[in-house]
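Reader: I have a new structure open and would like to go through it piece by piece. Can you take my questions as they come?
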Amino acid sequence: MNDSNQPVPEKEVLSVFSGESGENPFPLFAKIRATGAVIPIPFPMGGTDQQTWMVTRMEEAMQVLKDHVRFTVDRRYINSNSNIEQNPTGDTGPSASTNFLTESINSIDEPDHRRLRTLVSKAFTPRYMESLRPRVQEIADELLDQVQEKGEMDLVRDYAYPLPINVICEMLGVPQADRSKIHAWSSAIAHGLGLGRQAPEVEEHLRAFGEYIVQLVNDKRRHPADDLISQLVAIEEEGDRLGEAELLSMIKLLIFAGHETTSNLVSTGTLMLLDQPDQLEKLKADLSLVPSAIEELLRFNGPSTIAGPRFATEDIELAGQQIKKGDMVILVLKSANRDERQFSDPEELDITRKINRHLAFGYGIHMCLGAPLARVEADIAFTTLLRRMPNLRLNVPRENVTWNFMLSSQGLASLPVAF
Ligand code: HEM
């Protein structure tokens with residue numbers, strides 16, 4: 001487990017971010033991880049003298065994620081913690097790609113982060129998530145009712161995708177009729193954004209999505225209902241705790257973060273189980289293992305390849321590397337989750353594994369707000385699927401299963417199954 005001195009060629013390292021490493025980037029991660037915990041990568045950043053680093057191992061990834069003073073998500077803060085530098089490198093760098101979420105909790109640090117997170121956390125307690133179970137169960141059953149007789153479905157289109165989008169839209173109070181628009185916008189945005197890259201057509205989707213949210217918020221102002229947007233609007237109207245731009249970004253983030261990821265957990269997780277029939281059989285024989293299987297699926301091949309980029313606010317040494325103020329640090333969660341220093345047989349899927357910690361939901365102050373919701377949804381999704389369709393099997397040759405590669409995640413384009 002000593003560091004190997006043989007560097008991995010730059011082109012190969014960059015394939016991690018382009019999707020060229022394919023559906024199984026894990027051998028490449030293992031190779032890169034063996035060369036070190038913190039590795040310089042050749043990445044265009046918009047600035048000239050800043051270096052980009054890739055963190056491959058769990059201990060160092062946690063070190064960065066928990067140190068929100070020296071590693072900020074908000075590159076405007078890199079001059080000093082209190083002195084905001086106005087967009088030092090222009091708007092072409094990586095944070096430009098996520099600008100539509102500027103001022104949302106994932107792109108700001110203390111003290112604003114704490115204020116926003118406290119406001120929205122009230123709606124995301126594990127207890128509230130548990131109270132959603134009956135409704136999530138109903139949605140799961142309704143979706144499977146529609147395909148049960150047919151004996152086959154596209155698990156992505158018919159089940160894994162609509163389940164979380166319906167749940168988050170119901171929580172927020174997005175009308176049923178608008179959900180297909182949300183789907184179209186958010187997948188176009190997710191597929192068109194990359195680190196330092198934005199496909200030209202994304203601008204139009206961002207604008208349309210943004211306008212829709214403004215209109216939705218206005219509707220809720222006029223007709224408050226029993227939903228999260230109405231609650232947030234009420235907080236905004238109380239005065240200084242939630243600004244309008246923050247409110248809009250928060251809603252966009254919740255919609256955006258709240259469904260593709262969970263959908264990918266259910267669909268990729270199902271494929272991982274179909275790939276390893278012994279694990280699938282074990283799970284079907286004892287559905288009480290579903291929660292532990294979910295944690296293992298999150299560790300083994302969770303939806304998020306990387307966390308959002310961090311920027312060093314001062315010069316700092318990490319795993320023997322000299323990171324300079326302003327440098328960008330990319331945490332490869334999928335690699336950390338296969339770290340042989342943390343897990344025995346990390347490349348094996350073992351649904352009974354006792355996991356102390358994985359990084360699939362991140363770590364530190366930005367750790368996923370929606371994790372309790374994702375866990376409830378995934379629990380119901382897997383349990384209902386395997387209970388109702390115990391003969392679940394792939395309906396196309398394995399090599400025909402297709403994927404979408406995005407910068408920060410990777411998910412199935414479709415998963416035809418029979419049952
Ligand atoms: C399996 C499903 C999910 C995965 C794997 C996932 C993953 C993540 C990760 C890795 C982060 C941290 C990013 C970073 O540190 O840069 C994060 C943050 C976040 N997630 Fe999730 N997520 C999931 C589901 C959800 C859901 C269902 C919601 C909301 C309904 C949600 C809302 C958020 C929010 C608001 C943040 C930002 C938190 C903050 O900055 O304080 N996520 N998620």
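Predicted model: local features only at pLDDT ≥ 70, side-chain atom pairs only at ≥ 80, totals over all residues.

Reader: Which residues lie nearest the centre of the largest cavity?
Author: Val-16, Gly-19, Thr-305, Phe-405 and Gln-410 do, out of 15 residues that line the cavity. The largest share of the lining comes from α1, with 3 residues.

Reader: And how many cavities of 30 Å³ or more does the count come to?
Author: The count comes to 1 cavity of that size.

Reader: Which element gives the most to the lining of the second largest pocket?
Author: Strand β1, with 3 residues. At least two lining residues come from each of α1, α2 (26-35) and β1.

Reader: β1 belongs to a sheet, I take it. In what order do the strands of the open sheet run?
Author: The order is β1-β2-β10-β7-β3, which makes 5 strands with mixed pairing. At the edges are β1 (38-41) and β3 (71-72), each of which pairs on one side only.

Reader: What packs on the sheet?
Author: Helix α1 (residues 10-18) does, touching β1, β2 (52-55) and β10. The direction of α1 makes about 80 degrees with that of β2. Helix α3 (residues 58-66) lies across β1, β2, β3, β7 and β10, and runs at about 125 degrees to β10.

Reader: Inside the sheet, in which sense do β7 and β10 pair?
Author: Antiparallel, over 2 bridges between β7 (residues 310-312) and β10 (residues 328-331). Phe-311 stands opposite Met-328 in β10.

Reader: What holds paired strands together in general?
Author: Strands of a sheet pair through backbone hydrogen bonds, either parallel or antiparallel.

Reader: Changing topic: what is the protein donor of the iron atom of the ligand?
Author: Cys-368, through its SG atom, at 2.3 Å; it is the only protein donor of that iron. Cys-368 lies in the loop between α16 (333-336) and α17 (371-388).

Reader: Back to α17 for a moment. Is Thr-384 buried or exposed?
Author: Thr-384 lies in helix α17 and counts as buried, because its relative accessibility is 1% and the cut-off for buried is under 20%.

Reader: What does Thr-384 touch?
Author: Leaving out residues up to four places away in sequence, Thr-384 touches Gln-137, Ala-140, Asp-141, Leu-144, Tyr-159 and Met-389.

Reader: Last one. Where does Leu-394 lie?
Author: In strand β11 (residues 393-394). Leu-394 is partly exposed, with a relative accessible area of 24%. Its C-alpha atom is separated by 6.2 Å from that of Ala-418, 24 residues apart along the chain. Beyond its neighbours within four places in sequence, Leu-394 is in contact with Leu-271, Leu-274, Val-401, Leu-415, Pro-416 and Val-417.

How values were computed. Residues numbered from 1 in each chain as written. Heavy atoms only, no water. Pairing = 2+ DSSP bridges. Helix = DSSP H or I, 4+ residues; strand = E, 2+ residues; numbered from the N terminus. Contact = heavy atoms within 4.5 Å. Axes fitted to C-alpha atoms, helices over the stretch in contact; angles between N-to-C directions. Donors = N, O, S within 2.8 Å, 3.2 Å for Na, K, Ca; no water. Buried < 20%, exposed > 50% of the residue type's maximum accessible area, 1.4 Å probe, protein only. 1 Å grid on protein atoms, 1.4 Å probe; cavity = no way out; pocket = protein on both sides within 12 Å on 5 of 7 lines; lining within 4 Å. Points joined across faces, edges and corners; volume = space filled by probe spheres on them.
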